[in-house]
Amino acid sequence: MPAVGDILEGKDICICAGSGGVGKTTTSAAIATGMAARGLKVCVLTIDPAKRLADSLGLKELGNEAKQVDPELFATQGVEIKGELWAMMLDAKATFDELVARQAPDEEARDRVLGNRIYQQISSALAGSQEYMAMEKLFELHTEGRFDLLVLDTPPTRNALDFLDAPRRLTQFIEGRSLRVFMRPTGIAAKVAGRGTSIALSVFKRIVGFDLLADLAEFFNAFSGMVDGFQARAKRVNSLLADPHTCFLVVCGPQGEPVDEAVYFHRKLVEAKLPFGGVIVNKVHYPAEQLRGNGEDLVKALADKLGDESLAQRTSENFADYQALAERDAANIKRLATELRTQGVIRVPYLDEDVHDLAGLAEINRYLFASSSEREKIAAGRI
Amino acid sequence: MRAAAEGKRTIVCEVSSQENASRIFEHTEVGFHEVEMTENLWSISIDPDESMREYVLLQLKVRAMRDMLFRSRIFNYLAAATPGLKELVTIGKIWELAQLDRKVKQGRKYDLVIVDAPATGHGIGFLQTPRTFAAIARVGPIHSQAQQLDRLITDQEHTGVAIVALPEEMPVNESAALEHDLREDVGVAVDRIYMNGLYPERFSNEEAAQLGELTDGEDGGVRAAARAALSEHNRARSQRAQLARLRRRVEAPVRTLPFLFEPELGVEAAGQLAKRLG
């Protein structure tokens with residue numbers, strides 16, 4: 001079982017991916033902390049508006065600019081940051097606006113796009129635009145070269161894979177080359193487009209109203225000068241994701257469903273020829289040394305020590321419940337390792353307190369960066 | 001299950017194409033069909049593309065014309081390009097299911113329509129779609145239909161949100177913020193909040209102290225059992241603190257649901273939880 005530090009050796013970018021509710025933000029923060037502790041200048045990016053990252057790093061707020069985390073905060077938790085730890089929360093809309101400003105041929109074109117109502121909806125609300133902007137920001141930071149390592153906490157989308165598709169989907173959308181031709185009111189194309197197209201347009205107009213159609217036409221016209229720039233950039237973003245210096249870590253929980261999703265996610269990464277680094281399973285119930293104690297013997301032994309039959313009974317029941325979960329987790333993790341054809345499943349135990357602050361982060365950090373045998377030892381000490 | 005057991009014809013709508021409901025009932029995938037899982041309990045997975053086809057058919061009335069339209073590249077392109085249209089037709093389908101006089105052929109009325117909504121951040125946006133859309137499309141039939149959908153969502157007498165939280169720091173913060181945003185920004189009623197996955201309180205503090213003395217003992221089984229007990233005790237205690245914090249921070253009544261120590265939650269587990277709902 002490898003340690004995260006070994007997996008990330010020589011990498012520029014680490015992308016943590018997985019479905020919602022599996023502790024992805026905490027894991028991303030812990031990875032960034034651990035690598036900063038090793039002397040790197042690290043920046044962790046999130047686009048989660050729930051302020052999870054800011055909370056867990058002890059920051060009041062995070063904005064679209066990277067902010068350095070005070071190393072003193074970690075020193076009090078026994079983690080020495082030899083490098084630097086920075087964090088930022090991505091503002092998708094602001095990033096999109098910046099990108100438009102950069103790609104626009106002139107100020108007038110820029111203002112036409114920024115002022116368009118369709119654009120305003122897309123830049124903040126269209127599915128995929130947040131993900132696309134996360135990739136965009138990652139690309140920008142990587143090009144600037146200010147950091148040794150960038151750690152991205154991907155958005156908790158309904159479908160954990162949306163972001164892989166996002167650059168392609170969005171450029172396709174913005175392109176709309178065929179559409180622009182049809183929408184020019186006096187264009188030659190309109191005359192040769194045929195009856196089917198004009199009916200389709202008129203029905204669409206009947207359904208959504210003339211107004212919206214006019215806004216769409218205006219949007220595509222305003223964007224027309226920027227399409228090539230956007231596409232070229234999306235291409236470069238895609239090759240950055242596929243670069244061997246990039247590493248995808250899949251984060252999941254030990255239950256059946258998250259494991260299924262991790263398997264699916266891994267397959268998609270492989271299909272897309274993206275560099276898979278490893279899988280981290282959070283909140284694992286580690287099996288105790290004695291998996292199935294003889295119920296009656298255990299109750300008797302406990303009762304002898306405790307002098308309390310009822311307490312011994314309840315302790316034994318609780319132990320059986322715990323072990324059932326530990327067995328489930330072990331079986332699911334075994335399945336995960338088989339499906340992914342890897343021994344590299346990193347397990348983080350289910351801690352007594354939920355992890356939401358620096359102390360919790362420091363503890364998670366110990367597991368992620370410990371060697372295999374160290375990790376087993378820490379875990380064994382717990383149960 | 002609870003509503004169905006009380007005799008209400010109930011349907012669970014999923015909007016994420018994950019089919020968790022049919023999985024719980026060990027039923028094959030239901031897709032965009034109303035399928036009965038058990039008596040009175042139906043399930044549907046609302047696919048936006050299918051909703052769009054159905055919606056356009058209801059508008060045009062002629063199937064052949066609808067099919068021609070969907071073969072048109074430009075129509076598909078425009079439909080995909082219009083922000084929020086997918087969410088809008090999804091909510092439109094939910095509205096259709098909730099009608100006493102169903103629009104689709106052979107549709108029967110439901111007494112209760114339950115929607116498994118997208119998670120926090122996306123959920124707010126989802127419920128706001130009709131209003132946003134009514135603002136973009138200022139005229140035309142879709143404008144008035146979007147307004148109608150917004151009225152359905154904000155009809156506090158007939159529509160309500162149940163927030164599901166976990167007894168941990170972040171979920172409690174997010175649930176409190178979610179309740180606020182749903183009430184203030186969306187204008188939907190928040191009827192209740194479920195604190196899910198609550199551990200039982202098996203041990204008192206005195207008993208935990210007693211068990212603490214066994215955690216370094218020599219008998220492996222006793223030591224492991226004592227450690228597991230302490231771990232559970234600490235969890236249960238921190239969960240109670242989170243439950244109290246949630247109750248202080250929200251207005252809606254908070255109900256609790258127990259953590260079930262079962263490897264996978266299936267129909268029996270769901271039945272157990274149904275009995276706990278009042």
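This is a predicted model: local features need pLDDT of at least 70, side-chain atom pairs count only at pLDDT 80 or more; totals for chains, interfaces and linings use all residues.
Modeller: Residues are numbered from 1 along each chain as its sequence is written, chains are lettered from A and ligands numbered from 1 in the order in which they are written, and side-chain values use heavy atoms, with hydrogens and water left out.

Biologist: What are the pLDDT figures for chain B?

Modeller: pLDDT is the predictor's confidence in each residue, from 0 to 100. Chain B averages 89, and 99% of the residues score at least 70. For chain A the mean is 82, with 84% of its residues at 70 or more. For the complex, the predictor gives an ipTM of 0.83 and a pTM of 0.85.

Biologist: Where in chain A is confidence lowest, and where is it highest?

Modeller: Lowest is helix α11 (residues 188-192) of chain A, at a mean of 45, and highest is strand β5 (residues 149-153) of chain A, at 95. Helices (H or I, at least four residues) and strands (E, at least two) are DSSP runs, numbered from the N terminus. Over residues 186-192 of chain A, pLDDT stays under 50, and the model has 2 contacts for them beyond four places in sequence. Contact means heavy atoms within 4.5 Å.

Biologist: What makes α13(A) roughly perpendicular to α5(B)?

Modeller: Helix α13 (residues 210-223) of chain A and helix α5 (residues 73-81) of chain B pack at about 90°, axes 12 Å apart. Those axes are lines fitted to C-alpha atoms, for helices over the stretch in contact, and angles run from 0 to 180 degrees between N-to-C directions. Under 35 degrees counts as roughly parallel, over 145 as roughly antiparallel, 65 to 115 as roughly perpendicular and the rest as oblique. So α13(A) is roughly perpendicular to α5(B). A:Leu213, A:Leu216 and A:Phe220 meet B:Tyr77, B:Leu78 and B:Ala81 there.

Biologist: How do you know what class those residues belong to?

Modeller: Ala, Val, Leu, Ile, Met, Phe, Trp, Tyr, Cys and Pro count as nonpolar, Asp, Glu, Lys and Arg as charged, and the others, Gly among them, as polar. The contact of α13(A) with α5(B) comes out at 6 nonpolar, no polar and no charged residues.

Biologist: Why are α15(A) and α17(A) called roughly parallel?

Modeller: The axes of helix α15 (residues 256-271) of chain A and α17(A) cross at roughly 5° and come within 10 Å. Therefore α15(A) and α17(A) are roughly parallel to each other. A:Gly256 and A:Val259 are among the α15(A) residues in the contact, with A:Asn332 and A:Arg335 among those of α17(A). By class that contact has 4 nonpolar, 2 polar and 3 charged residues.

Biologist: What makes a space a cavity, and what makes it a pocket?

Modeller: On a 1 Å grid over the protein atoms alone, a cavity is a set of points where a 1.4 Å probe fits but cannot get out; a pocket is an open set with protein on both sides within 12 Å along at least five of seven lines, and lining residues have an atom within 4 Å of a point. The structure holds 3 cavities of 30 Å³ or more.

Biologist: Which residues are closest to the centre of the largest cavity?

Modeller: A:His285, A:Tyr322, B:Tyr199, B:Ser231 and B:Glu232, out of 13 lining residues. α11(B) gives the most to that lining, with 4 residues.

Key: Grid points are joined across faces, edges and corners, and a volume is the space filled by probe spheres set on the points.
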